[in-house]
Amino acid sequence: MIILLIIAGLIFCGASVYCFYKANYCACTQAGQCDNPVNHYWLGAMLNALVSLAFCCIALHVEQGTLLWLTLMASCFLGAYISAKREKLKRCKKANSTNALLTNEPN
């Protein structure tokens, strides 16, 4: 039972991080055009984080559950950050190789 609650907390934690990054992406790339989705994504991020915290606290009581939740949130944010950095690096390499093809320069 405890393991299932922790897994559910991890799932909601991941959903919270996804909504958080989606809200930031929308706010940065489409400023003024997506006010409602940004609000929905922020609301989704906060609600998922609270549900995740509740599952962790129910599983391990308040003190240890909160520490587990903080660890889960930090892990999810770190994973998303590393993934975004790698994706950005891939795009830069692809753009550089495309530019080299357009100007007939060697890589």
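Predicted model: local features only at pLDDT ≥ 70, side-chain atom pairs only at ≥ 80, totals over all residues.
Me: What should I know before I start?
Reply: Local features need pLDDT of at least 70, and side-chain atom pairs count only at pLDDT 80 or more, while totals for chains, interfaces and linings use all residues. Residues are numbered from 1 along each chain as its sequence is written, and side-chain values use heavy atoms, without hydrogens and water.

Me: How many disulfides are there?
Reply: A disulfide is a covalent bond between the sulfur atoms of two cysteines. Here the test is a pair of cysteine sulfur atoms within 2.5 Å. The count is 0. Cys76 is in no disulfide, and the nearest cysteine sulfur, in Cys13, is 3.6 Å away.

Me: Is Cys76 buried or exposed?
Reply: Buried means under 20% relative accessible area, exposed over 50%, partly exposed in between (1.4 Å probe, protein chains only). Cys76 has 17%, so Cys76 is buried.

Me: Which residues make up the largest nonpolar core?
Reply: A nonpolar core is a set of buried Ala, Val, Leu, Ile, Met, Phe, Trp, Tyr and Cys residues joined through side-chain atoms within 4.5 Å. The largest has 9 residues: Cys13, Val17, Ala49, Cys56, Leu68, Trp69, Leu72, Met73 and Cys76.

Me: What does Met73 touch?
Reply: Contact means heavy atoms within 4.5 Å. Beyond neighbours within four places in sequence, Met73 contacts Cys13, Ser16 and Ala49.

Me: Is Ile7 buried or partly exposed?
Reply: Its relative accessible area is 43%, so Ile7 is partly exposed.
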